[in-house]
Amino acid sequence: MDGPFDAAFAAFDPKQNYDAIVVGSGAAGGTAAYVLTSLGLRVLVLEAGERKNVDEELRSTQWPYEHLRRGAAPYNEHALNRNEYDLQRPPYAASFAEPRVTSYLGGSDYRTRLLVNERDNPYTGTPFAWVRARLLGGKTNIWGRLALRLSDLDFKAASRDGYGQDWPLSYKDIAPYYDRVDRFLGVAGYAELLPHMPDGQFQTTPRLTKAELHLRATLARLGRVVTPYRAGVTTDGLAHNKYRSRCLRRGACHRKGGCDIHAAFDSTTGYLFPALETGKLTIRCNATAYEVTVDPHTGKARGVAFVDSQTKKTYEARGQTVVLAASTLESTRLLLLSRSRQHPNGIGNSSGHVGHNFCEHLMGPKIVGVMRSQAGAPRTRDDGRPGGFYIPRFQNVDSKHHGFLRGYGFEGDSGSAMLPRSMSWAKGFGKAYKKDVRDYAGAFVSMGGFGEVLPQFENGVSLDPALKDKWGIPVLRFRVKFGDNERAMAKDMEAQARTMLEAAGIEVHESSSSLLPAGWSIHELGTARMGNDPRTSVLNPFCQSHDVKNLFVMDGAGFVSAGSQNPTWTIMALAWRSSERLAEELRKGNL
Amino acid sequence: MSSKSIRPLRRDLGAVALVAAGLPLVRIRKLHAAEAPTAGARAGFFSPHQLLTVEHLAEQIIPQDEHSPGAREAEAAQTIDLYLLDLNPRNSDHVKRRALWKRGLVHIDKDANARFAKPFVKLKADDQYALLSTWADTPTTDPLRSAFFAELKARVAWAYYTSAVGIHQDMGYLGNTYSSDFEGEALGPPLGILFKQMKDEAP
């Protein structure tokens, strides 16, 4: 597409030696591109996908009846569902006749073209719901917006319970960078002054519905927290960014993921456009990276080899430093693909830990309740906000739970929305059904859990020895399995969800502890973890390869453990910190 | 139940959406031309009689009341007709869903004829309600009737509550507009302060 900064999208020069090559343009790549260019570096971003007119895809204000299929994706596509992930093994597209098969996030006409075609991008191994969006801005185009900080409860988890390893950094090391991200992108939330859920530099907070305020008061007596969704959304506007509007509280934010006024953060308008304004940034779209090339004399990274996704011509981009930010598992795939005489097991992999210690958030446990006292209440504009509510971790915080390690949080929502939640709940048919749907439309409270999946050395990915993707690049083979800790945690999540709603007098309509397939949370983390010991970790605390000084991996791959909080804000704070370090080390001549 | 109540599908809005989405409108029609039944002038999934039957069934599921129009006014039957037409003939779940509708519609007329000696669309509204009640209460041992009723109800609800009538007239939905501030009341003191007080007061 055409748009601002067209020249910078056509300026890639294979003869140039860039200060930094950033692979990926999502949350991590966007952060790196912005911070590095603002510090004066000449940066090349390689993006595997196209530059799409995302606003035309999202059509955030379109009414369902203005769409021929009421928002559904075209009939000749198939979006994978839960059963298909559970019962079949990847590559999933092989079982379907449709020319286009997407991850479970497809099925919506507003999202489907932002996702990869599984047919072109297969993988093998154990069942895994791998959601990928190859386009400028990456998965931030469909981001769920919850913007949370980790705390030392997470960074020093191993010291507390003896499992795994601590992070090689503390909250105080990263707090200033969370602040920078907050101020630059805007985050809305309510300061609760809780040590294990640190507050940010908050803009005007969204509010809670009546039912949520009642739940907040009830759970506070149990020492638990119901707080408004901490959203990576600018509710007051950003004077320094003309590409993003403030949140208009307009509602209909239920088509979560995507905001065509860009009040919700996305990398393109949040980071890349401001970075392009520096004049230091070149972006090459349709550039599928397949190898970090190596200087045969020094063993250092020399650049990145890529194939044009459309013409299939190959190129090598040269840079003084290389930043991988291709998403957790794609960055790991690139490390493994980059074999050379100096790095026979893949670049940065002398420890043998690349592809190991995968972690994420389990999903599945959920609850739906009905607050009878809300029946027939006057309609309110409850969905005029970026998200519902959040219940942060409460297990294994002040006291030890004997059934499992670590903890989980809940994301929830309640009140009126465009589609009445009561329509599949109300019994019978006819006038009574219609009245029940109307009366109870705003009376529902629902929430789903996100639980910390423990990193295990065995869990992770390797290269498949045979299968290649559309561009001839070896694909990933998964070996990811949940363990006893995850299963015990899931049971507790359902039990505690029931306890909490019942304590508030909210009638439980349905609940479940059944686990969704691995990967469902789209919070893939680990597989190139950071640490102080090069024998047991891949990166140092600045996301810098222990083996190759001018190579950095700035996405979720460096996570040591997952915490229970949604990771995007932490990924960006770490990338900001690491980018400042990269620029400083480059200036000093240390790279 | 006059033939007047079969309205042409409201293609104008859909066409706007398709053009906005950059989708070729012609393509969708062409793709289905081969497999669509030739029912008079319009090429839908249902025959005119089936469409009329669905319209009556839908109005029974969500009838007009003193508050708002029902499924007929919301053109739920036409929305379902297009939905079924647009399903994927190569997807076995979709093929089964289409078959369920066709079989269900045959059987509802069979039941109507057995009890009232008339097809469903010729019954008085009260008789339609009575007949449909027997389907609604069918145990799952009668898979066709229970499955068809569940599918009918879910699909009519979807068509109705995504329609302009459902969203605006019935539900009185207030969102998808702008506002100066978030709805709701203030939150009270930060919970961290409350928890500290609770700790201090504990014996």
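Two strands count as paired if DSSP finds at least two bridges between them. Keep that rule in mind for the close-ups below, which all come from a predicted model.

**View 1. Strand S1 of chain A pairs with strand S2.** Strand S1 (residues 17–23) and strand S2 (residues 43–46) of chain A are joined by four bridges and run parallel. Look for Ala20(A), which stands opposite Val43(A) in S2(A). Helix H2 (residues 27–38) of chain A belongs here too: S1(A), this helix and S2(A) make a right-handed β-α-β unit. Now turn to the side chains of S2(A), where both faces are covered. Val43(A) and Val45(A) are buried on one side, and Leu44(A) and Leu46(A) are buried on the other.

**View 2. Strand S7 of chain A is another parallel partner of S2(A).** Four bridges link S2(A) with S7(A).

**View 3. Three strands of chain A form an open sheet.** Their order is S5-S17-S16, with mixed pairing. Strand S5 (124–125) and strand S16 (460–468) are the edge strands, since each pairs on one side only. S5(A) runs parallel to strand S17 (residues 474–479), and two bridges join them. In this pairing, Gly125(A) has Phe478(A) as its bridge partner. Helix H10 (residues 328–337) of chain A lies across S16 and S17, running at about 65° to S16(A).

**View 4. Val307(A) sits in strand S9 of chain A.** You can find this valine within residues 301–308, the span of S9. Is Val307(A) buried or exposed? Val307(A) is buried, because 21 other C-beta atoms lie within 10 Å, and the cut-off for buried is 20 or more. Leaving aside residues up to four places away in sequence, Val307(A) touches Thr288(A), Tyr290(A), Lys312(A), Thr314(A) and Trp471(A). For a sense of the fold, compare Arg51(A): 256 residues separate it from Val307(A) in sequence, while the two are 16 Å apart in space, C-alpha to C-alpha.

**View 5. Lys312(A) and Glu75(B) both have a positive phi.** For Lys312(A) phi is about 65°, although this residue is not a glycine. Glu75(B) is not a glycine either, and its phi is about 55°. Lys312(A) is found in the loop between S9 and strand S10 (314–324) of chain A, whereas Glu75(B) is in the loop between helix H3 (48–61) and helix H4 (76–85) of chain B.

**View 6. Helix H4 of chain B is largely enclosed by the rest of the structure.** How many of the ten residues of H4(B) are buried? Eight of them are, so the helix is largely enclosed. Among these buried residues are Ala76(B), Ala77(B), Ile80(B), Leu82(B) and Leu85(B).

**View 7. A cis peptide bond joins Pro90(A) and Pro91(A).** The omega angle of this bond is about 5°. To find the spot, look at the loop between helix H4 (82–87) and strand S4 (100–102) of chain A, where Pro91(A) lies.

Methods: Residues are numbered from 1 along each chain as its sequence is written. Chains are lettered from A and ligands numbered from 1 in the order in which they are written. This is a predicted model: local features need pLDDT of at least 70, side-chain atom pairs count only at pLDDT 80 or more; totals for chains, interfaces and linings use all residues. A residue is buried if 20 or more other C-beta atoms lie within 10 Å of its own, exposed if 12 or fewer, and partly exposed in between; C-beta atoms are placed from the backbone. Two residues are in contact if their C-beta atoms, placed from the backbone, lie within 7 Å. Axes are lines fitted to C-alpha atoms, for helices over the stretch in contact, and angles run from 0 to 180 degrees between N-to-C directions. A crossover is right-handed if, with the strands pointing away from the viewer, the path from the first strand over the helix to the second runs clockwise.
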